[in-house]
Amino acid sequence: MKTVFQKPKSLQDNKFHYCPGCTHGIIHRLIAECLDEMDIREKTIGICPVGCSVLAYDYFNFDTLEAAHGRAPAIGTAIKRLLPDRFVFTYQGDGDLASIGMGEIVHASLRGEKITTFFINNTLYGMTGGQMAPTTLLGQVATTCPYGRKAEWEGYPAHMAELLAGNEGAAYICRTAVNSPANVMKTKKAIKKALEVQQRGLGFSMVEILSTCPTNWGLNPVEAMKWMEDKMFPTYPLGEFKCVE
Amino acid sequence: MDRVLMKGNEALAEGAILAGCRGFFGYPITPSSEIAEYMARKMPTIGGVFVQAESELAAINMVYGGSSAGFRVMTASSGPGISLKQEGISFLSEGELPCVVVNVSRGGPGLGGIQPSQADYFQATRGGGHGDYHTIVVAPSGVQEMMDLTMQAFYWADYHRIPVMIMLEGTLGNLMEPITVREPVTEFVDKPWATNGCKDRAPNVMNTLHLDSDFLEKRNHHLQAKYEKIQQECKRAETFMIEDADIVIVAFGLMGRIAKKSVSEARKQGVKAGLIRPITLWPFPDDVIKSAAQTAKRFLSVEINMGQMIEDIKLAIEGRVPVEFYGRIGISPNPEEISRQIINIAAREGWI
């Protein structure tokens, strides 16, 4: 019998703990598929964040580190500088990357660190129970902006792809979504491109991936996908923001 | 071996390089910046990595990454910067990641001052960050020791899989003395746990999250067993004229060096004084102190702070002999000041 579909070698044979309708599982798989296809699993070091994907090291089947909240790009910097022929990526949520880790991600990109960041934007802190993140949309309700995010109280959403694309050290910055099969495939292409940018030593690369959080959004999985399209796409437009060839 | 005139900070940095340190991650802060500047000049010439981090938080996490990748790595800072590094040092401790952290101490609290200080003794010896852990802490008192203890620190770090802190005063960093430069280290401890790519082996994970409470407790017992072993193997102290001493001065680092002169002066004045200079602050050399307490009538802890190590001395002595304290902050006491203290105690107690 011909095998037409199988688990990537870069994923362990563990069940994801993620909530129904959460897209972390899709993104883990896309990364794993790209590493397999590029045959770089054994040369890859992944750095996991604090957040829902804190246990990503239980799913990836290659060397991984668990970082303190927000510090993955600093950890990645040292590993890549000391082991320049390895592939180093950070996997970070929006609280991790855009709030407590804003300094690390901005400076890693300014220095042009030859690492890749997968930035999962679901507009809030998932693991801690749905608090406001820097990426929370204006008007969106979260447990720490219970009246809806107001610009005059909580300020404006962070546009990380746009922000980092302005840094000279950034070679590839892209925003994708995993709301549809077509966008999942585009996300995979972006992930691979980011890793290829790292392979070519062009500089820092990041793929911001719009993701869902049905649990904390209070929606079912199907509604959550629609909410992403209706609410997130207008604030966070998809596309490539920087691509150094 | 060559005898060369060297500055303390340079001897420390050279000691690190001789010990095989190939990654330095720093952030400027007085009075530690000279170490980073030295490493910035040197690392690119020996195939090493120097990164000026965007913050102390980033610097200590670069240490976490570099250590986890299997390299000998180091950072250096001072008071406020060391406070910022504490989260990272806690992670390094639980990850059992070897590294060397240098604290060229300054007075606090807050921004404090940049003069010599030993006010970070509690922070250094009690762990400093969150959770039940210790780091090995060494306190050099001269330029030769700056090199030797740095090399020892890297060995202990690798051998015991633990962060090692070198604590010194800015004065020592700027001191120039003739020293013997050591041979480069050529034998290293294997690091099969390193996260450096899983070619031909199962993946390694560097993780400090243990949601299972039984496992967390097991981890803590594991760490405590390691600390017990370190307590048995790593205590170091210099003693000076303690055999017949009525009064034993306990002082470390720069203060230990100064107090040695005071002890000689007190002896000239007819007071039987002696000195114990802890070289490791953790593990604290309580054995030497305990044994001196069998014959000494009094202890005097001399520190450049408001009285911190005195607690460890009292714990070692267990109430058998009175322990007094003399300390300054923002300024290091001079030898005459301390010998006067010693003589005053001797006169008060009717020994002279």
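Analyst: Happy to start with one pairing: Ile45(A) stands opposite Asp63(A) in E2(A). This is a predicted model, where local features need pLDDT of at least 70 and side-chain atom pairs count only at pLDDT 80 or more, while totals for chains, interfaces and linings use all residues. Residues are numbered from 1 along each chain as its sequence is written, and chains are lettered from A and ligands numbered from 1 in the order in which they are written.

The pairing belongs to strand E1 (residues 44-48) of chain A and E2(A), which run parallel over 4 bridges. Two strands count as paired if DSSP finds at least two bridges between them. The elements themselves are DSSP runs, numbered from the N terminus: helices are H or I with at least four residues, strands are E with at least two.

Now look at the side chains of E2(A). Asp63(A) and Leu65(A) point one way, Thr64(A) and Glu66(A) point the other way, and all are buried. Buried here is a count of 20 or more other C-beta atoms within 10 Å of a residue's own, with exposed at 12 or fewer, partly exposed in between, and C-beta atoms placed from the backbone.

Strand E2 (residues 63-66) of chain A pairs with E9(B) in the parallel sense, over 2 bridges. In that pairing Thr64(A) stands opposite Val205(B), and the bridge partner of Leu65(A) is Met206(B).

Stepping back to the interface, 27 residues of chain A and 32 residues of chain B are in contact, contact being C-beta atoms, placed from the backbone, that lie within 7 Å. On the chain B side, two or more residues each come from strand E2 (21-26), strand E3 (49-52), helix H3 (56-68), helix H4 (79-95) and strand E9 (205-206). The largest share of that side, 8 residues, is supplied by H3(B). By class, the side of chain B that touches chain A has 16 nonpolar, 13 polar and 3 charged residues. For those classes, Ala, Val, Leu, Ile, Met, Phe, Trp, Tyr, Cys and Pro are nonpolar, Asp, Glu, Lys and Arg are charged, and the others, Gly among them, are polar.

Asp200(B), in the loop between strand E8 (176-180) and E9 of chain B, has a positive phi of about 60 degrees although it is not a glycine. Asp200(B) counts as exposed because 6 other C-beta atoms lie within 10 Å. Glu96(B), in the loop between H4 and strand E5 (99-105) of chain B, likewise has a positive phi, near 55 degrees. With 19 other C-beta atoms within 10 Å, Glu96(B) is partly exposed. In the loop between E2 and helix H2 (33-42) of chain B you will find Pro31(B), and a cis peptide bond joins Thr30(B) to Pro31(B), with omega about 5 degrees.

What does the rest of the partner chain look like? Chain B has 12 helices and 15 strands, and buried residues make up 55% of its 352 residues. A compact globule with 352 residues would have a radius of gyration near 20 Å, and the 21 Å of chain B agrees with that; the radius is taken over C-alpha atoms, and the globule rule is 2.2 Å times the number of residues to the power 0.38. Chain B is divided into domain 1 (3-233) and domain 2 (237-348), with bounds from an automatic or database domain assignment. Their C-alpha centres lie 28 Å apart. The contact between them takes 27 residues from domain 1 and 23 residues from domain 2. On the domain 1 side, H5(B) gives the largest share, 4 residues.

Technical notes
Two residues are in contact if their C-beta atoms, placed from the backbone, lie within 7 Å.
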